[in-house]
Amino acid sequence: MVVLEIAVLFSCKTKQYDKSIIIANSTLNSTLNSNIKKAVVLENKKVVNDTTFVNLKEYSNDFVYDMKYATEDNFLKAKVYDCAECFLRLKTAKALIKANSKFMKLGYKIKLYDCYRPLDIQKRMWAIVSNPSYVANPSKGSIHNRGGAVDISLVDNNGKELDMGTPFDFFGPEASHDYNLFSKEILENRALFKRIMTNSKFESFDSEWWHYNLKNAKLDPLSNFKWRCE
């Protein structure tokens, strides 16, 4: 009888102990689930400010990249970026994505040559070519240094660039929007390009058909924000 009572007591205690573990685990799981849900809600509520610098490729896969200054294939004949990335302020990226969607409906895509340019890169470029006709003086900076400018062109569905009359970074009167001694095809390409960009909150730059500034981007401060190269 004594042995039986001890066995019953042990059995009851074991069951009670197991039950308490189950209750504790249930409470812990409930708390963890609640905290996870709160974290998800907070994450979803995070809003990236329109002036925050973002990597364009994280917002769209519909662009073609040929980041010239991350190579030696440019008028400087020097690589001035450590790696090829296109960062812009979020508001610029959103406007560019909308413009690109308009081009895509017509069978084209935007090809990017240059985007945001840290002020230190502007200084590096100025040290190579100290001529304000070609490079903005870093003491004043440019819209590129504010994250509101892009150097771009268009490609068709086969990746072939549309003929714009001159290459990117061609410094001569032929690069101007006002130059009209081109074929009908080239003039139509430029007109289409400019029309869609200016209807998408961008402003053209008179002497460079490839350069567009987001409207009012000049009001943003110069920046030396730098991205990491993997």
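Author: Let's start with burial: a residue is buried under 20% relative accessible area, exposed over 50% and partly exposed in between, using a 1.4 Å probe and protein chains only. This is a predicted model, where local features need pLDDT of at least 70, side-chain atom pairs count only at pLDDT 80 or more, and totals for chains, interfaces and linings use all residues. Residues are numbered from 1 along each chain as its sequence is written, and side-chain values use heavy atoms, with hydrogens and water left out.

Reader: So why does C229 count as partly exposed?

Author: C229 has 38% relative accessibility, so it lands in the partly exposed class.

Reader: And what makes C83 count as buried?

Author: C83 sits at 17% relative accessibility, so it counts as buried.

Reader: How do you know that C83 and C229 form a disulfide?

Author: The term asks for a pair of cysteine sulfur atoms within 2.5 Å. In C83 and C229 the sulfur atoms are 2.0 Å apart, and the two form a disulfide. The pair ties together parts that are 146 residues apart in sequence, because C83 lies in the loop between β2 and β3 (87-89) and C229 in the segment after β7. Strands here are DSSP runs of E with at least two residues, helices are runs of H or I with at least four, and both are numbered from the N terminus.

Reader: Why is the disulfide of C83 and C229 called left-handed?

Author: The torsion about its S-S bond is about -80°, so the C83 and C229 disulfide is left-handed.

Reader: How many disulfides does a search of the whole structure find?

Author: Two. The other one to look at joins C86 to C115, S to S 2.0 Å. It links C86 in the loop between β2 and β3 to C115 in the loop between β4 and α3 (119-128), 29 residues apart. C86 is buried because its relative accessibility is 1%, and C115 is buried at 0%.

Reader: What is the pairing of the bonded cysteines, numbered in sequence order?

Author: It goes 1-4, 2-3.

Reader: Now the sheet: what makes β2 and β6 edge strands?

Author: Strands pair if DSSP finds at least two bridges between them. The five strands form an open, mixed sheet in the order β2-β4-β5-β7-β6, and β2 (64-65) and β6 (202-205) each pair on one side only.

Reader: In which sense do β2 and β4 pair?

Author: Parallel, over two bridges, with β4 covering residues 108-114. Y65 has L112 in β4 as its bridge partner.
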